[in-house]
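Hi,

Here is the structure I promised to pass on. Have a look at it first, and my notes follow below.

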Amino acid sequence: MANEVWLLAEAHSGELTAATKELISKAQELAAALGGQPAALVLSSNAAQVAETLLSYGLPKVYSVENPALEHYTTDAFVGAAAALIRQHQPCVLLTGASLQMRDFTAALAADVDAGLGSDCTGVAVRDGHIVAMRPSHGANVINTLGFNSDLVIISLRRQVAPEAQPAGGSGEVIRGQFPQVAQRMRVVKVEDKSNAVNLADSQIIVSGGRGLGSAENYEKLVPTLAQAFNGAYGASRAIVDAGWVPYERQVGQTGKTVSPKLYVACGISGAIQHLAGMRNSGTIVAINKDPDAPIFKVATYGLVGDVNELLPALTEAVEQKTRS
Amino acid sequence: MDFTANYDMFLTEEHEMLRQTVRQFAEREVQPFIRDWDREGAKDESDMAHVRPVLKRMGELGLLGICIPERYGGAGMDYLSLAIVCEELERIDTFLRVVISVHTGLNSLAIFQWGSDEQKQKYLVPQAQGVKLAGYCLTEPNAGTDVAGMQSTARREGDYYILNGEKTWISLADVADHFLVVAYTDRSKERRGMTAFIVERTFEGVETHAIHGKLGVRAGNTGSVVFNNVRVPVANRLGEEGEGFKIAMSALDNGRYTVAAGATGLIQAALEASIRYAKERETFGQPIAQHQLVKRMVSHMVRKLDTSRLLVYRAGWMKNQGRRNSRETTLAKWHATVSSFEAADDAIQVHGAYGFSDEYPVERMLRNARGAVIYEGTRELQELLQADFAFGFRENNLLRRELPAYDPAEWSE
Amino acid sequence: MHAVVFIKQVPQQNSVKITPDKQIDASGIEPIISLFDEYAIEEALLQVEKNGGKVTVVTIGGEEQIDALRKALAMGADQAILVNDPALRNIGSLGAAKVGAAVVRKLGDVDVVFCGKQSTDDETAVFGPAVARYLDMPVLSYVYKVHELDPGAKRVVVDRAMETTTETVEATLPAVLTTVKDLNQPRYPSLLKIKKAQKADIPRWTAADLGLNTAELAPKVTYLDRVPPPPRPKGSMIDGGSAQEKARKLVDVLVNAQVI
């Protein structure tokens, strides 16, 4: 068994994603601690190009499979290709991002190659020569430290767990794998960008609104405007998603999206446990609420007591002024 | 904690699943909107647009025929299920429970108890299915507790009775399709001269209008029903001529039961809101839940909740057995309604000034609870009844037709 | 068609305690069907109403899970199975998926398997894709719309809700579908079915009934520690006379802290 720490690299229009750059740093760190080597795995319809980019980050090895079937993600094609390479080269760790595709991929892959799996982790490290991973569960009310007793450990990692790697030049080798015979049972018919969709998980600043806004009209009028002033994205509490004010894709919270932006502004959100689960790991939390006893203030870095319908326009104005000056 | 746990001497898993279902419905489809509906309902020009869709959903879910046998279009559950539906509905808002009280408790169960098979087919089946809505017309502008003081009359003319009079404080007045109406057919016989009728809204001469400016239950429709020479077919007479008073009183045994159960739900809502708030709100460096006088208010709510619930379930158990339960039902109604008003009052106190605003639900609970201390038998009437039962001046007398005992097998046929 | 739905009962709120021996203690918290599984049940019922057939709901766990199964029956599922074997406790998501695959194999004639995208307690999102892999079926995860599910033509077309895109994907049946919120509107239990569900006979299956070698189900993940999240540092309140003043102060503070 090779002491190799792999990362699954993802690229958009030839550019490595920010998540991938974090994974490169993390793989390098883990490999050093384990006395092994980092390596990237790229599965793509233009893998050769991505592999070259990866080498420029100083990785000694890039495993690559190129095939038209890998243009769009399907579980069958990606897991089939990855499993074949893993069986052949036997890495000890595989890191991936924690996007929905990657969580689908890691689950099926772990089943296929009989690996230990840490899903949606917030940290991974080497302790006494062994991999340990941190993952929250129960709506971020429990932080689990996972240990593994398998030959291969697969970890899907959330963002902001390592610095993004920088290109360092390199002379590593690309190892090309064959695209294996896999049953073509799935086909991506089309991929559509959601209108106005923002990836809340990737946003640095998020403004969210809740029931305290009083109506869907107030939400529409005030929350996106403030988010725009901050150059951020906007979300919502479950209460107003359930009330039909805002579509589900904007819901922050345990049954919606889990986010950890640099700045989270909660407007008229009381702070139910289900909401806190989705945002309590944000860097700075601003809470704006009429009720000074609202639980949201318990997690807030800065609190403003008052009517959101007055404070939000004032805040939008103040932010715009600051940006202009 | 779960305040509905440990009632296994009365309740089954079936009741528990029913409770979860009704709770989910009320929390999902009413709670998010109830403050707005309550505000809106206070306006004179309000069209109460929310009422019919909610009633339609309650009908679809089978709540309106909860304790009516399946062969009459109901869910075929027992009388304790009726109490659970009322508890869970009034835990969110009183107007929901009022629907069950008049449609199911006062009207449908009266038809189930006293109606002919034709009447059950024609009126009970669509009511139990929730296709038609039903109200109950007893109170008049000049006759509340003093039922014998009513002025409505029904004069026999061939195959019809000619009904005249005005009924007021009628829940669902503008919405109900069928009314159970009590009027004098022979005033000289006083109580024994009253007769009950099933009147359809579409009968010529029926007019209704809403009452505005209510203290509570603003999300619900209440109004007056006027009968102007309404021709009611003899086939629509419920029971015999002269049985109207007994029918009205037996209906109240069912209505009061639902009011008592609902009040229990309101106490629970007041208690839950108080617990939530007292754990969050801090004064003098600690949550107010740590202050002794707040603890006292909460502990009194717990006492009122459990005693009310036990009294309600005892009455429900007796109904299931087919036993007369006027004494037990009026005691439950008296205790639970008075307790619910006190619990809502204390809940406001726990919330401090916030409790005085409709940001929190407790002021609505107080306004809603007040009515039930008056309607379907005032607090004072219930007190007198209990003394009369205790002295032996009054007994649970048998009726010509009793409310049928619950039969799980037969009711599911 | 035969649709199988895997469901799990979870605590309604996640305010669980951690015991001294690092187990999760959810006592005193109302148990419910995991949110996303309700959408799975509803979708199975809708598809079977359209195509004819039956819905089987399955849970792996102890006797306390029976309430979730009865609720699914009261919603309209035709039969329920509880896989209850002490040897199958704490086997992790992958172990549970192996058991799930064995259940589907034993049932035999399954056209489609539904489950929620993840449970709301462990939140691993592993079960669906893994059970598909063990069964050698395609998996369509994060389904938020089913365009077509035709057991005759053995074809399913769905929309998957990804972070910033919607993917329309077709696959062959049998397949595993994992469901997201708002895929449909889960129905309430019917009062008539509540009564029947209480009397329904729910078979208990063991590892032996499924022909499973429990040694092969040993988890590859161990819990070294479990702790509550660290408390956030105490915040400060921004005061001011007017809304404008408070807003200006907040922006200054955020700028000074280099947050914006």
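For what comes next, two residues are in contact if their C-beta atoms, placed from the backbone, lie within 7 Å. Bear in mind that this is a predicted model.

Let's start with the domains of chain A. How many residues of domain 1 of chain A are in contact with domain 2 of chain A? Five, and they meet eight residues of domain 2 of chain A. On the domain 1 side, that comes to one nonpolar, three polar and one charged residues.

Now the sheet in chain A. Seven strands form an open sheet with parallel pairing, in the order 7-11-6-1-4-5-12. Strand 7 (116-121) and strand 12 (173-176) sit at the edges, each pairing on one side only. From one strand to the next, the twist averages 20°. At one end of that order, strand 5 (residues 61-66) and strand 12 of chain A run parallel, joined over four bridges, and Lys61(A) is opposite Glu173(A) of strand 12. Helix 3 (residues 75-89) of chain A packs on the sheet, where it touches strand 4 (37-44) and strand 5, and its direction is at about 150° to that of strand 4.

Last, the contact between chains B and C. Chain B brings 17 residues and chain C brings 13 residues. Which element of chain B gives the most to this contact? Helix 1 (residues 13-29) does, with seven residues. By class, the chain B side has eight nonpolar, five polar and four charged residues.

Cheers

Technical notes:
Residues numbered from 1 in each chain as written. Chains lettered and ligands numbered in written order. Predicted model: local features only at pLDDT ≥ 70, side-chain atom pairs only at ≥ 80, totals over all residues. Nonpolar A, V, L, I, M, F, W, Y, C, P; charged D, E, K, R; others polar. Helix = DSSP H or I, 4+ residues; strand = E, 2+ residues; numbered from the N terminus. Pairing = 2+ DSSP bridges. Axes fitted to C-alpha atoms, helices over the stretch in contact; angles between N-to-C directions.
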